[in-house]
Amino acid sequence: QPSVDLLRHIAENRIGKAMSKDEKRTLYYDVHYRKYAPMFLGQMKPLMKFWTAALEESQLPLPRLPEVAMAGRSNSGKSTLINYLCGHHSAAMKRIPGSTTEIVFWRLGRPAQICLV
């Protein structure tokens, strides 16, 4: 039996309910432009800059910053999480599973404070 709080959360956030085109459009606008401004690393929408990509171990950059690695199954939302944390849409996202074949390094913050892998 689900708790009352869980049922209230589901009802208030319209989880699992069909959305009209207008509701989807409004949600897209709110997330991308108006309400979405995350605080990450003490900065609002920190600078997210492509550093390098590596296919082999010899191509890995020297560890100059603390690294946080995102690991998960194919098409599980790793790039989406990186984009959401930073408030940018720099990490490429595709619907085809396994489209990212290299290890991608992103520098975050101004000045760079952390490296997302």
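These legends describe close-up views of a predicted model of one protein chain.

The residues are numbered from 1 along each chain as its sequence is written. Because the model is predicted, local features need pLDDT of at least 70 and side-chain atom pairs count only at pLDDT 80 or more, while totals for chains, interfaces and linings use all residues, and side-chain values use heavy atoms, with hydrogens and water left out.

**View 1. The helices and strands of the protein chain.** The protein chain holds 3 helices and 6 strands, where helices (H or I, at least four residues) and strands (E, at least two) are DSSP runs numbered from the N terminus. Along the sequence, these elements follow the pattern α-α-β-β-β-β-α-β-β.

View 2. Of the 117 residues in the protein chain, 21% are buried, that is, under 20% relative accessible area with a 1.4 Å probe, counting protein chains only. Among contacts (heavy atoms within 4.5 Å) between residues at least 6 apart in sequence, 62% join residues at least 24 apart.

**View 3. The lining of the largest pocket.** A pocket is an open set of points on a 1 Å grid over the protein atoms alone where a 1.4 Å probe fits, with protein on both sides within 12 Å along at least five of seven lines, and its lining residues have an atom within 4 Å of a point. The largest pocket is lined by 27 residues, of which K78, S79, A92, T100 and E102 lie nearest its centre. Both α3 (78–86) and β5 (103–108) supply at least two residues of this lining, and α3 gives the most, with 4 residues.

Methods
Buried means under 20% relative accessible area, exposed over 50%, partly exposed in between (1.4 Å probe, protein chains only).
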